[in-house]
Amino acid sequence: MNQLNFNHLYYFWQVCKTGSVVRAADVLCLAPQTVTGQIKSLEEQLGGVLFRRQGRGLVPTELGQLVFRYADRMFMLSQEMLDIVNYRKESHLLFDVGVADALSKQLVSKVLQAAVVAEEGIHLRCFESTHEMLLEQLSQHKLDMILSDCPIDSTQQEGLFSVKLGECPISFWCNTPLPTLPFPASLEERRLLIPGRRSMLGRKLLNWIHSQGLQVEILGEFDDAALMKAFGALNNAIFVAPTLYGDEIYRDDAIKEIGRLDAVMEEYHVIFAERMIQHPAVQRICHRDFSALFTLNCRHKKTG
């Protein structure tokens, strides 16, 4: 077979997308006769009929459907490549970011700050969900990037990449008056709130509690850190939050740290698709050194 003529294939693809030769010719700025002739040449090369009449329009035959699926992937990928190459030429960049709801929004907001440059006119849109749901949306090109508490295995997730931004210890907090026992035995004095076991941090905490032989009563599991804090305050329960910004978040509250746990770290990962590798916001986040962000205010005594 002679080498495929990509112009012929492109004209065929446009007819499939528009449903008629006339509409495709308008898109291509060509005469309908030219488009028809090119498609006939493609049919001759492929040895089969690509379209059949249906009413006033055209629909692809079985061969046409097969060819269209391949053509669609080819031309969509070529457009994606151009979009990636031309990201920096766009005057306004739409940037859709998914955030795992278990993560500290205080830290996430500081990470996202790196993506925003005033003169670039970026339009940031953030969505919260579970790691699994966000990963699915990223795979479907509904998101540009996600921030999560766990990485992905690039060998298992083809076309996706993850970069670890940093990690920080967690602390246990509660209303005053504080428990009387020293940490971690103090966790047995009140009911406990932890991140949902669907999150990496929740699973790590449950393993640590088991390894310590603690007899704790878990009142609830929360994916949202802010809701866990509010519910914990109302129910006089012990809850979990990152150590780093505890002083800043709870400065005016009657909430105090009862113990810090360095044996379990909350991790922060950025995950993005290969098509986003040239996006300026993704590049800024991946190339930024966040070490200062994840060590700030880390002056509490280490426990655990």
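Predicted model: local features only at pLDDT ≥ 70, side-chain atom pairs only at ≥ 80, totals over all residues.
Colleague: How many residues does the largest nonpolar core have?

Modeller: A nonpolar core is a set of buried Ala, Val, Leu, Ile, Met, Phe, Trp, Tyr and Cys residues joined through side-chain atoms within 4.5 Å. Buried means under 20% relative accessible area, exposed over 50%, and partly exposed in between (1.4 Å probe, protein chains only). Here the largest core has 38 residues, and Phe95, Met145, Leu147, Leu165, Ile285 and Phe294 have the most contacts inside it. Elements that each supply at least two of its residues include strand 3 (93-100), helix 5 (105-113) and strand 10 (255-273); helices (H or I, at least four residues) and strands (E, at least two) are DSSP runs numbered from the N terminus. A second, separate core of 26 residues includes Trp173 and Met228.

Colleague: Which residues does Met145 touch?

Modeller: Contact means heavy atoms within 4.5 Å. Leaving aside residues up to four places away in sequence, the partners of Met145 include Phe95, Leu112, Leu138, Phe272 and Ile285.

Colleague: How is a pair of aromatic rings described?

Modeller: The distance of the centres and the angle of the planes describe such a pair. Rings of Phe, Tyr and Trp (its six-membered ring) pair if their centres lie within 6.5 Å; planes under 30 degrees apart count as stacked, over 60 as edge-to-face and the rest as tilted. This rule gives 10 aromatic pairs. The rings of Trp13 and Phe75 have centres 5.0 Å apart and planes at 40 degrees, so this pair is tilted. Because Trp13 lies in helix 1 (residues 6-18) and Phe75 in helix 4, the pair ties together parts that are 62 residues apart in sequence. Ring pairs also link Tyr10, Trp13 and Phe75 into a cluster.

Colleague: Is Trp13 buried or exposed?

Modeller: Trp13 is buried, at 6% relative accessible area, and Phe75 counts as buried at 13%. Phe172 and Phe183 form a tilted pair, 5.4 Å centre to centre with 45 degrees between the planes; both are buried.

Note on methods. Residues numbered from 1 in each chain as written. Heavy atoms only, no water.
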